[in-house]
Amino acid sequence: MSAPLLRLEGVTAFYGAIQALRGVDLEVNAGEIVALIGANGAGKSTLMMTICGNPRARSGRILYDGVDIAPLPTHAIMRRRIAQSPEGRRVFPRMTVYENLQMGAEAAGGADFEALSEQVYALFPRLRERRHQRGGTLSGGEQQMLSIGRALMSRPRLLLLDEPSLGLAPLVVRMIFGAIRQLNQRTGLTVLLVEQNAYQALRLAHRGYVLVNGAITMTGSGRELLARPEIRAAYLEGAH
C-alpha cells in the first residue's frame with residue numbers, strides 16, 4: 001500500500017505557553033475525504049494552520065508526499081499544491097469574483113486561468129452570475145463558494161477546508177457539501193475537512209477523526225463514527 005499523501009506524527013503546537021495540539025497522529029490518503037470533528041476550541045483550526053506552518057509545529061513531523069514540511073515557511077508549503085479555504089472565508093472584499101479567482105491562480109503561476117475558472121463556474125454556477133461583483137457584497141454562501149473556488153484555482157492535490165458550513169443556511173450547506181463530494185468523485189481531489197457540523201462532515205467523509213482538547217481520541221470510517229453512541233450524544237443530537 002502506498003504511503004499517505006499527508007501524515008502527522010506526534011505533532012504538538014503552542015500559542016505562547018498554551019499547548020493547543022498534543023501529539024496528534026493523523027493520515028490522509030490520496031483521493032480521500034477525511035473529516036476532523038470536535039467541539040469549539042478543541043484545536044481543529046489550529047491543526048489546519050499548523051499544517052500550513054503558522055503556528056509552527058513544536059515537535060513531531062508533518063509528512064506531505066513523503067517530505068517533512070513542518071520546518072518550511074508557509075509560502076513554500078503552499079507551493080507544493082496544498083490549498084486552503086480558511087475559517088471565515090477571507091475573500092478579498094474589494095476585488096470582484098473574477099479578480100479573487102485570479103489571485104488564487106497566481107499560486108500556480110497563473111497558467112490555464114480560463115479553463116480553471118470555467119471548472120469553478122461549473123461547480124458553482126452562482127459565481128459565474130456574480131463574476132463582476134465585489135467579494136464583500138456577496139452573501140455568506142456565495143463567499144464560501146468563492147473561497148473554495150479561489151483555492152481550487154491553484155490546482156491543489158490537497159485541499160484544506162476549515163469550517164465551510166459555518167454560519168450558512170442548511171440548504172446552502174448541502175449544496176456546498178454536494179460540490180465537495182462531486183469534486184472528489186470526478187477529479188480524485190484529496191480533502192481534509194475541519195467541521196463543527198459533525199453529521200454533514202461524517203456523511204461526506206471516507207474516514208474521520210475526533211479531536212478533544214488538542215488530542216485525537218477516536219478514528220474510524222465516517223459511517224462507523226456516525227453510528228457510535230458517544231459521537232451521537234456529543235456532536236449529533238439535534239444537529240441535523
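This is a predicted model: local features need pLDDT of at least 70, side-chain atom pairs count only at pLDDT 80 or more; totals for chains, interfaces and linings use all residues.
Me: Which residues of H1 are buried?
Reply: They are Lys44, Thr46, Leu47, Met48, Thr50 and Ile51.

Me: What is the phi of Gly53, which follows H1?
Reply: Gly53 has a positive phi, near 95°.

Me: Next, aromatic rings. How many aromatic pairs are there?
Reply: A pair of aromatic rings is described by the distance of the centres and the angle of the planes. In this model the count comes to one aromatic pair. Its partners are Tyr98 and Phe113. Their centres lie 5.1 Å apart, with 80° between the planes. Planes over 60 degrees apart count as edge-to-face, so this pair is edge-to-face.

Me: Where in the chain do Tyr98 and Phe113 lie?
Reply: Tyr98 belongs to helix H3 (residues 97-106). Phe113 belongs to helix H4 (residues 113-123).

Me: Is Phe113 buried or exposed?
Reply: Buried means under 20% relative accessible area. Phe113 has 11% relative accessibility, so Phe113 counts as buried. Tyr98 has a relative accessible area of 27%, so Tyr98 is partly exposed.

Me: Which residue lies over the face of Phe14?
Reply: Arg58 does, at 4.0 Å from the ring centre.

Me: Now pockets. How much space lies in the largest pocket?
Reply: Read the volume, then the lining. The largest pocket holds about 410 Å³ of space. Its lining has 18 residues. Nearest its centre lie Gln119, Leu152, Leu183, Thr187 and Leu189.

Me: Which helix gives the most to that lining of the largest pocket?
Reply: H4 does, with five residues. Both H4 and helix H7 (170-187) supply at least two residues each. By type, the lining of the largest pocket has nine nonpolar, six polar and three charged residues.

Me: What lines the second largest pocket?
Reply: This pocket has about 330 Å³ of space. The second largest pocket is lined by 14 residues, with Gln84, Met103, Gly104, Arg150 and Ala151 nearest its centre. Strand S6 (82-85), H3 and helix H6 (140-152) each give at least two residues to this lining. The lining of the second largest pocket divides into eight nonpolar, three polar and three charged residues.

Definitions and conventions:
Residues are numbered from 1 along each chain as its sequence is written. Side-chain values use heavy atoms; hydrogens and water are left out. Buried means under 20% relative accessible area, exposed over 50%, partly exposed in between (1.4 Å probe, protein chains only). Helices (H or I, at least four residues) and strands (E, at least two) are DSSP runs, numbered from the N terminus. Rings of Phe, Tyr and Trp (its six-membered ring) pair if their centres lie within 6.5 Å; planes under 30 degrees apart count as stacked, over 60 as edge-to-face and the rest as tilted. A charge sits over a ring if NZ of Lys or CZ of Arg is within 6 Å of the ring centre and within 35 degrees of the ring normal. On a 1 Å grid over the protein atoms alone, a cavity is a set of points where a 1.4 Å probe fits but cannot get out, and a pocket is an open set with protein on both sides within 12 Å along at least five of seven lines; lining residues have an atom within 4 Å of a point. Grid points are joined across faces, edges and corners, and a volume is the space filled by probe spheres set on the points. Ala, Val, Leu, Ile, Met, Phe, Trp, Tyr, Cys and Pro count as nonpolar, Asp, Glu, Lys and Arg as charged, and the others, Gly among them, as polar.
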